[in-house]
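Hi everyone, thanks for making time today. Let me put the model up on the screen, and then I'll talk you through a few parts of it.

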Amino acid sequence: MTDLRLVLNRNPGTPGLITLPEGGYRRARAEIMSWPGYAPTPLRPLAFAGPASVHYKDEGSRFGLGSFKALGGAYAALKVITAELARRGVANNATGAALEAGEFREATRQITVTCATDGNHGRSVAWGAQRFGARCVIFVHHNVSQGRRDAIARYGAEIREVTGNYDDSVRAAQETAQAEGWFVISDTSYPGYTEPPRDVMQGYRLMAEEAIGAMPAPPTHVFVPGGVGGVAAAVAVQLRAMCGAGPRLVIAEPERAACLTDSLEAGAFTTVGGDLDTVMAGLACGEPSLLAWQELERSAFASMALPDSKVPGAMRALAAQAIEAGESAVAGYIALETAWSDPSARQALGLDAESRALIFGTEGATDPELYKLMLSPNFPSRD
Ligand SMILES: Cc1ncc(COP(=O)(O)O)c(C=O)c1O
């Protein structure tokens, strides 16, 4: 496989649908900013020769959960729990603070929330369920590391393993929830299922707002990792709200799970099958999120599919700048580095000495054992 696969969006422009309405974002923002421990994560200038500036949004410290996903799943879980309390006639408009204080504990205990995860989303949902008093069951596939399972179980969730890949675990969560009367809090949307993933993405926008607001000048290029596309779409919406149409959004995906790159290339929603085996565990997704795709099919400028072999080196390069970046966090950094070192890619993206790049570093060392292993010079490089 070649090291560089860059696909430009053939149909760029403003999306026809409003995927993330502003009112929903204002509510998500106010709620999340009121949570104990809320603080914007740091935006770090990187030493990176070439562009005028490169900034790295470091999500490692987000709410003590280690990734930006803390903003999404926990907020969507709160929305589902409060809607269910209203439906059951227990409380209209219960607040997160009231639930955390245990005001409706008898009723919230009867509510079970569930999702599939490759680590970070499940941790966020489990964290939210515990804080807001609901029961939680999380579905994982066999490639999810023990460290990540333990981190979810620490928030009191039950873990269930599913045969197959991430997309199979999504289906298992959905089918079990339907049979048991549970509530799916998915970070990916599909036909007929849009509301929790929309709330998840509204939560992610806060990360984008913090980062863009902290830039000394608006970015010209933004690099964001792509799993199902939720975070890329949330960044796209926030970028348009704050900077208009100028900045170019580049999605960075593993080459073995490049469903967004494939979709941009085809000009249509496209899925990838197989094991989706990549060290970038959070990005091992074969099916774009429907809502995310509806946003990105117009607002993404390009997408890149990247080899696993570049991950340990990128983690080490960031560690040398005192940044602890997990395997999925480095995708954007790899994309910029790869594009910058290839003249035709640099030209295709319009990257030059005037460019101001913003990279979303979406997680810290969310699996500390694996992080240590991958940072060691002996870690095998594989493609
Ligand atoms: C650290 C990290 N970065 C990026 C992503 C990709 O997010 P999305 O699936 O919304 O594209 C994930 C998803 O789990 C993740 O855990």
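First, some ground rules. This is a predicted model, so to speak of local features we need pLDDT of at least 70, side-chain atom pairs count only at pLDDT 80 or more, and totals for chains, interfaces and linings use all residues. Residues are numbered from 1 along each chain as its sequence is written.

The protein is divided into domain 1 (5-69 + 196-375) and domain 2 (73-186), with bounds that come from an automatic or database domain assignment. Their C-alpha centres lie 25 Å apart. The contact between them takes 25 residues from domain 1 and 23 residues from domain 2, where contact means that two C-beta atoms, placed from the backbone, lie within 7 Å. On the side of domain 1 that touches domain 2, the elements giving two or more residues are α1, α8 and α15 (368-375). Helices here are DSSP runs of H or I with at least four residues, strands are runs of E with at least two, and both are numbered from the N terminus. Helix α8 gives the most to that side, with 5 residues. By class, that side has 12 nonpolar, 5 polar and 8 charged residues. For the classes, Ala, Val, Leu, Ile, Met, Phe, Trp, Tyr, Cys and Pro are nonpolar, Asp, Glu, Lys and Arg are charged, and the others, Gly among them, are polar.

Now for two of those helices as a pair. The axes of α1 (residues 22-33) and α8 (residues 195-214) come within 9 Å and cross at roughly 65°. Those axes are lines fitted to C-alpha atoms over the stretch in contact, with angles running from 0 to 180 degrees between N-to-C directions. The contact is made by G24, Y25, A28, R29 and I32 of α1, and by R198, D199, Q202, G203, R205 and L206 of α8. These residues divide into 4 nonpolar, 3 polar and 4 charged.

On to burial: a residue is buried if 20 or more other C-beta atoms, placed from the backbone, lie within 10 Å of its own, exposed if 12 or fewer, and partly exposed in between. Helix α13 (residues 331-340) is mostly covered, with 10 of its 10 residues buried.

Two loop residues other than glycine have positive phi. For L276, phi is near 55°, and this residue sits in the loop between α10 (259-266) and α11 (290-299). L276 counts as buried because it has 24 C-beta neighbours inside 10 Å. For A322, phi is near 65°, and its place is in the loop between α12 (311-319) and α13. A322 is exposed, with 8 other C-beta atoms within 10 Å.

Last, R135 is found in strand β5 (residues 135-141). R135 is partly exposed, with 17 other C-beta atoms within 10 Å. Its C-alpha is 4.5 Å from that of T112, 23 residues away in sequence.
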